[in-house]
Structures are given as structure tokens and as C-alpha cells.
Amino acid sequence: MSDEASGAGGRSEKILQQLLRDGEVSVDTLARHLKVSAATIRRDLAELEQQGLLRRSHGGAVPVAPMLYEPFRHLSSFQEQEQQCAMEKRNIGLMAASLISDGEIVAIGAGTTTTQVARCVRHRKGITVLTNAINIAMELSHRAEIRVLVTGGFLSGDWFALVGDVAQRSAGETFVDKVFIGVDGIHPERGLTTNYPDQAAIHRAMMQQARQRIVVADHRKIGVVGTSLIWPANGVDVLITDNGTSDEAIASFTERQVTVLRA
């Protein structure tokens, strides 16, 4: 690979990370940050747009829009949850995606924070994603370099989640390198919990088949206990949260051999 091609690849990665983090990017800001000309940035953005990874706008770029499921997203409570701690969730998603290596098989459970994880792996290659979330499957569906395996099952309410016996069996038959699970609460003693029993069952099936178990949860979820148990806290390998989580709260998990990362 030439130095020029290598440099372009590195810039593309940084551009996508900045876009995922901020929700939009400008040519001038990227040129200053990456120390290249505005013309070079415009060429990079044009190439990324051709790959379906962003959409150019006046003076910069924005994420690909509309989502394939956009009309339905605005009819559900999913959008309301998606907007809460939006920046924190994007940062958590970026950090979570950085733990995935090319060629791995990963499971991504339904949820708004896990959706950010999926958005941050769209530009990766050679990854297989198992999910019980219709929206995640649709967002990754146009990426030829990513294989998407959907569990099947019954559709649960407004959360784009597939649940039930079929979903659990499908998840239970697939071994994965890593699983990424969102929660309604994670407590050092009470464990990972959700307020949706049917989703607890499918996420538990995913956890059982994973070599590494990773929880993504913003600071509002730390110390909270939902109604249905997913998994014990001491059975988690990594907890990714944000800077709003206190040192004291983190210590209660590290004492249980959980690696805690703040995005």
C-alpha cells in the first residue's frame, strides 16, 4: 500500500469517528485537525459518500439519512430514548466498536446504546453481526463487507426487538467472540437488569454463548435495578460507561473483576 493510500485510509477512519461523535463534520475543521488541504478533505468525503458511509452537505458531511426504518422510528418511544444522553451514547458506541477486530463474530442486543455500537462498526470489514434488533439489521444491511444474522422471533412493541422461543434458540445456537448488551440498570449486587422480561431472556441467551461479555450503559443506568435479571454483574468482562459515572460507582464493579471503561 502506498503512503498516500495509507494516509487516506487513516484520514477516513478519523473522519468517520468524528462524524459519529459529533453528528456532523465540516471541511474546514477537518482540514485543520488532520493538517491537509480542504480539497483533500473534499475528495475523502466524496469517496466515503460513494461507499455509503456518509452524506455530503454544504461545507461538510452528515450521517447517512434517512435511515431505512425512519418513518417507523418516529412513531415509537425509541426516538425519545435515543435522544437521552445522545452524546454519551455515541461516545460509548465508539469505544465499544474499537474493541471489535476484523473477522470477529459479535452479538449486538436491541437498544438505543447498542444501536450506536452498530453504527460505529458500519465501516468495518469481515465482521459477522448477530442481532435481535430489526433496526440494527437494517442499518447494517447495505454493507457488503458485514454479514448480518438476525435471530427471528416475535416483534416486541416499539423497540424493534425480536423476542420469544425462536429468537432464544437462534441466539443459543451461535457462538460469538463478543456480545454487546444494553440495560435498564446495572448494579454490582443485583446484576444486569431490564424492565422487559422477554428481552431479558434473549439477551441472556446471547450472553451464554459469548467468549467476552460487554455491557454498554450511560451513567443513568449505573446502580439502577430493573424488574428482570439478565446476568450477574460478576459475570461481565467489560462495562463501558461515560464520564458522568463516579469513581465510587466504578470501584464497586472493579472490585468484582469487571473492567470499566469511561468513554
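**Close-up 1. Leu-19 within helix H1.** In this predicted model, in which local features need pLDDT of at least 70, side-chain atom pairs count only at pLDDT 80 or more, and totals for chains, interfaces and linings use all residues, Leu-19 lies in helix H1 (residues 3–22). Helices are DSSP runs (H or I, at least four residues), numbered from the N terminus. Leu-19 has 5% relative accessibility and therefore counts as buried (under 20% relative accessible area, with a 1.4 Å probe and protein chains only). Apart from neighbours within four places in sequence, Leu-19 is in contact with Glu-24, Val-25, Leu-53, Leu-54, Ala-61, Val-62 and Pro-63; contact means heavy atoms within 4.5 Å. The C-alpha atoms of Leu-19 and Gly-7, 12 residues apart along the chain, are 18 Å from each other.

**Close-up 2. Helix H6 (residues 86–97).** The 12 residues of H6 should span 16 Å at 1.5 Å a residue, and the end C-alpha atoms agree with this, being 16 Å apart; the expected span is 1.5 Å times one less than the number of residues. Buried residues in H6 are Lys-89, Arg-90, Ile-92, Gly-93, Leu-94, Ala-96 and Ala-97.

**Close-up 3. Packing of helices H9 and H10.** H9 (residues 165–172) and H10 (residues 197–208) pack with axes 8 Å apart, at an angle of about 10 degrees. Axes are lines fitted to C-alpha atoms over the stretch in contact, and angles run from 0 to 180 degrees between N-to-C directions. The two helices are therefore roughly parallel (angles under 35 degrees). Ala-167, Gln-168 and Ala-171 of H9 meet Ala-201, Ile-202, Ala-205 and Met-206 of H10 in the contact.

Residues are numbered from 1 along each chain as its sequence is written, and side-chain values use heavy atoms, leaving out hydrogens and water.

Notes. Parallel < 35°, antiparallel > 145°, perpendicular 65-115°, else oblique. Buried < 20%, exposed > 50% of the residue type's maximum accessible area, 1.4 Å probe, protein only.
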